[in-house]
Each structure stands twice: as C-alpha cells, then as structure tokens.
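Subject: Structure handover

Hi,

Here is the structure I promised to send over.

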Amino acid sequence: MASKTKLRKRLMAGVMLVTLGLGTTLGNAPSDVSAQKTPSYQNPALDVEVRVADLLSRMTLDEKIGQMVQPERFSVTREDIQNYGIGSVLSGGGSVPDENTPEGWADMIDDFQQGALQTRLGIPIIYGVDAVHGHNNVKGATIFPHNIGLGAANDRNLMKQIGEVTAEEVRATGVSYTFAPTLAAPQNIRWGRTYEGYSEKPQIVSKLGTAIVEGLQGDHKDDDFLQGKHIASTIKHFVGDGLTEGGIDQGNVTEYTDEELKKHIKPYKEAIKEGARSVMVTYSSINGLKTHGDYHLITEVLKGELGFTGFVISDYNGPQQIVPGDFRESIKRSINAGVDLFMIPNDWRRFLSTTKELVNNGEVAIDRIDDAVTRILRVKFENGLFEQPFADRELVAEGIGNADHRAVAREAVRKSQVLLKNNNGILPLDKNNSDLVVVGEKADNIGYQSGGWTISWQGAPQKDLTEGTTILEGIREVAGAGSQITYSEDGSNVSNHDAAIVVVGEEPYAEGQGDREDLHLSQEDIDLLNEVKASGTPMIVLLLSGRPMLVTDEIADWDAFVASWLPGTEGAGIADVLFGDYAFEGKLSYTWPKNMEQVNNHDKTDPLFRLGYGLKTKVGNR
C-alpha cells in the first residue's frame, strides 16, 4: 500500500479478478500451484490485490480457515503449522522462548515459519507480540514510559521516534506484528488499563496514536511501508474500553450516547487514515452486547463507514465471551459480526473444526470467510512476508537496547515528568553542591518503575528484571562530583540532608488485576513518608503510578511533588529534570482527583489538579 491511489487500484484489481471468476467457492477445486512455474501470488512485481486474489482462488476451505486462527506459541508446534495450515502465532505477555534473546526469538519464529513454508501453498505466518512500551517481552530491550506518561509529554515527533525504535527492536527478533497502540481515552481511572491510554481526552489520543502508528509501520505513502525495519500495528480495543461502568475491565458501557461514542471512535478513524493495518476488538460490551459479536460496530462502522481494509483480530479468547459456555455459537456470531483473525491460544483445533462445520451447514457464508482471508493475506503481502519470511539476521546481529534507542527513551522519560508542586523553588536541585538522600525500595528497582507488561504480563517488582538504569542510579549518574548522594531503603537515617527524594507508588499490574476501588497510597508508602516527615528533611516526592493517585491528605507535607508515571528502563531521565539539565515540561493528560467521590461520579469540576496542569522550571541550577 504505497499510496491511497495504489490502494484504490489494488482494490479495483481484486474486484476485477473476482468478476472474471478467479475467486473460489466452497465447491471449487483449488488450482494446482505446480500448473504454472510462477503463480501470480509469488510474483512480487504484481500488485498486492492481484496476488491476494490469485492466492485465494487456489485455497481449499481448510486452508482458508487455517489462516483465520492465531494460537499461542506454547500450544502449537512447527508440525502443527505445517499440518493444519496455521496462519498466525502469538506470544502473550511473558510468553518467551527458552533463550530470551534476539537470537532465541529469531530461531523460534524461523522454526515456526519453516512449518508454514512447507505447506502446499507456502503461506507464511504473521507473528504477533504485545510490544506496548517497547519490545517489552524481551530482556535487554529498550522499555519506554507507559502511554500515560507519553500523553503527559504530548510530543508527536517523539512518539513517531518511539514507534520507529520499537519497530526496529521488534523486527530484530523476527517478529513483524504488534498488538499496539491502545487508542482508549479512559474516563474512569479505577480501570487497571488506564496507563495504556495516552489521555482521557480523545484529541490527544488521536494525535499520539497516529504518530506511533506511523513510526511503527512507516509512512503509508512510501515503498518501505510495513517492510524493512517496520512492522504492522494494531489499534485497540475497538471500541469503548475505558468507558465501562465503575471502570471495570471487560465491563459494560451504558452511559454514553452514540454521539459521545463517536468521539472515542475518532482516534481509530485518524489512525486508519494513517494506514493502521489491524484492529483489535474490545472485551467490553455496549448496552449488554459484547463487541466481539457486534455486526454494526465491526462490519458497518469499522469496515464500512471508516473504510478499514486491514484485518480485524479478536482479543485473547474474546469471542468465547459472547455466549459463555457455548463455543460454537460464540464463534459463529463473532465470524458473522466481522472478526477476521481469531486469537484462540489453546482451543485452536476446536476453532478449525467448528468453523468448517458452520460453513458446511450454511451458518457462515463462504463470502465472509473469503473476506476474512483476503484481509489477512493483504497485510501479509504488504508486510513483505512472502519475500522475506525469516528473521533478518543482520538486524538480529545489531541487537536491541542500544545506546541510540535508550537515548530516545531517556528523552521520553524527562518529557513525561509532571511537576505538580514546587515550594520555594526547591527544584531544580543544585547539581554540584547538594547533600541528598534517596528514599524507598522503589527508587532502586527496574520492575517498579516499568510496571506491567514488562518481561511478564503482570510485571514484577524485581530490581534486575531487565537491563536499565534505576532512578537511584540515574541520580548518582547525573549529580555533579561536588554532591553527595546516599540511599535509605526504609526511610531511616534521613536527617541532616538538604533534601530527601522519596519514591513511592503502585505495585506492578496489568489489565483486570489492576482494577481498584481505592486509589489512596498504600499504608507502606504512607509509613515511609511519615518516617521522612518526622526527620524534618525537605521532601521531594516522586510517584510511580499508572494513573493519578489520591494524595490530598499527604501533599501538604511535601516540598515538591512529581508525577513520574511508569518511566521504564531509563531512570536517568528523571534525574535530568531534577537537576535542571532539562526543564520540567510535562502536562497532565488526566484530571487529578481530590477523592474517590470525584472518581466514582466522573466529577472533574474541582479537582486537585486540572487536565493540562504542570509547572515549569528553568534549565540550569539556581
């Protein structure tokens, strides 16, 4: 898809081929690939739509259905892919090869790919991962701030760079497809996925979402779109996650009119214009109807009104929620609603047999199957998989997490920091003549500062979770030779210092396990803050969190307060602004509430800090 004009030509070519009778129906015998030396679908000089139509015309029903399922890597083998014609494989959060290195990933995916290329038609698999803040499953990868922090930075050019770096590191492991970015604009911060949303404001989500899509995929007007160091992206979760009653994960949306919902569809519309090639459906329901079974939203709105020509993928076992306990009916409704690729991690064999039975019984039309497979094949051709199915070993050799990539992440960290209080101009600190104590175990822990979706699905509070620089290490790195930095993990011995930098925040979490009814600080954090308060040492508080937390009762005791969000592996970016090498410039992309009543009632009229708030500092020491 080098341009919109080319896309129209491809679509017209596809229509012409179907008109000429090259499309297949269930009763047709597929053409024998050996009947011609170079089948059209194997000819890279031909237009993508011509290649898609040619390949589709040669496929049996079994081969088509095989393209529509995506098992987890741990539940499928190379032989399964060869025998069943599986079209896609995924790694969920924490699902990694035995050797969690770029080489280990490339070897694993190439092995799966060998199975795919040994099938009758040699259709390559497309391998997907949740690279949601960098290639976060892989040890040593560059881990960026979670989206809530990037929303505070609100820098479109930086977002494009982050997409480019992420794509390069993902492609360096042999993966060509990511389930990112999230385009939700969460309205209730109790939701455990709040940090996956750039902002509560859909306009900011549109701006940053389209930028990272371009960075991940390349410019859709260029010839290297989706290829080389680029990957296919997924905009998710269509639509309404973040709007559910009570902020519940996988919940029900009831309070929003069609007009209000259109505001949350707008980011998808803009990202589709930018060329997004995959859309993931939300687990949530709208007025009780699970979106995985919503024909109106998927087929009429997404594929029709928005003109989406890529493929629609389900969420992890999402279709089965349509009619709980009835796999057959759930799959039937989901296919007919317009889902194309089914993320069925374990029951993929059941999906194959069930779908074939539904088609043979006339409960799913062959035209619906052909539409799904056409969309999947289109992206595979655009992705360059037929010409380069295996990992690029030159990229693998370059590795991931290099200095240039980490420099981009460090910039993202410093730009995402939001200064919310700064009594008497305590910040920036004197870089060359300060006696500082850094307080709290979270100050020296990559796991805490990276949050969920880091190495494992839920993340983990482990100091050595992956390679990077902790906040403490960053402070020591940036502070001048004339400053003294000490560390107190438990808050003891903090008297007689110029200031204490106290790091508090949430335990790592992801998805529903992060849903909360109470957003106050933990008692452990409050005890730590009280310990420092009793010392009389001025306090600079850094909050590591995936959403605004309730600090109304504590903030009066703090001399400075910084929302540090979940900054990822480059903790030195925080030190950059604490010491004035760079100015604080982040602005809140979410309203910061005073109490739980405001959260529960969506009351944003008199918050602790308004949307867009953030103090600035000057570059340099005082």
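Which residues form a negative surface patch? They are E489, D490, E507, E524, D527 and E531. Patches here are made of residues with over 30% relative accessible area and no salt bridge, with like charges joined within 9 Å. Asp and Glu count as negative, Lys and Arg as positive, and His and the chain ends are not counted. Each charge is placed at NZ of Lys, CZ of Arg, CG of Asp or CD of Glu.

Before you go further: this is a predicted model, where local features need pLDDT of at least 70 and side-chain atom pairs count only at pLDDT 80 or more, while totals for chains, interfaces and linings use all residues. Residues are numbered from 1 along each chain as its sequence is written, and side-chain values use heavy atoms, with hydrogens and water left out.

Back to the patch. One of its members, E507, sits in the loop between β13 (499-505) and α18 (523-535). Helices (H or I, at least four residues) and strands (E, at least two) are DSSP runs, numbered from the N terminus. E507 is partly exposed, at 39% relative accessible area. For the cut-offs, buried means under 20%, exposed means over 50%, and partly exposed is in between. The areas come from the Shrake-Rupley method with a 1.4 Å probe, and for residues only the protein chains shown count as cover.

**Salt bridges**

Side chains of opposite charge can pair when their charged atoms come close. The whole structure has 42 salt bridges, each defined as a side-chain nitrogen of Lys or Arg within 4 Å of a carboxyl oxygen of Asp or Glu. Take R406 and E570: their closest N and O atoms are 2.6 Å apart. R406 is in helix α15 (residues 403-416) and E570 is in the loop between β15 (560-563) and α19 (572-578), so this pair ties together parts 164 residues apart in sequence. Both R406 and E570 are buried.

D576 and R414 also form a salt bridge, at 3.5 Å from N to O. Here D576 belongs to helix α19 and R414 to helix α15, linking distant parts of the chain that are 162 residues apart. D576 and R414 are both buried.

A further salt bridge joins E506 and R547, at 3.0 Å from N to O. E506 is in the loop between β13 and α18, and R547 is in the loop between β14 (539-544) and β15, 41 residues apart. E506 and R547 are buried too.

If you like networks, look at K303, D340, R368, D371 and R375, which salt bridges link together.

**Aromatic rings**

How many aromatic pairs does a search of the whole structure find? It finds 14. Rings of Phe, Tyr and Trp (its six-membered ring) pair if their centres lie within 6.5 Å; planes under 30 degrees apart count as stacked, over 60 as edge-to-face and the rest as tilted. F381 and F386 make a stacked pair, 4.0 Å centre to centre with 10° between the planes, and both F381 and F386 are buried. There is also a cluster linked by ring pairs, made up of W558, F561, W565, W592, F609 and Y613.

Two cis peptide bonds to check by eye. One runs from K236 to H237, with omega near 0°, and H237 is in strand β4 (residues 234-238). Another joins L427 and P428, with omega about 5°; P428 is in the loop between β10 (418-422) and β11 (435-439).

L226 has a phi of about 70° and lies in the loop between α8 (202-217) and β4. L226 is buried, with a relative accessible area of 0%. For Q250, phi is near 60°; Q250 is in the loop between β4 and β5 (252-253) and is partly exposed at 30%.

**Contacts across the sequence**

K263, in helix α9 (residues 258-273), is exposed at 53% relative accessible area. I162 is in helix α7 (residues 156-171) and is buried at 2%. I162 and V408 are 246 residues apart in sequence and 7.0 Å apart in space, C-alpha to C-alpha.

Cheers

Definitions and conventions
Patch = residues over 30% accessible without salt bridge, like charges linked within 9 Å, V, L, I, M, F, W, Y side chains within 5 Å. Buried < 20%, exposed > 50% of the residue type's maximum accessible area, 1.4 Å probe, protein only.
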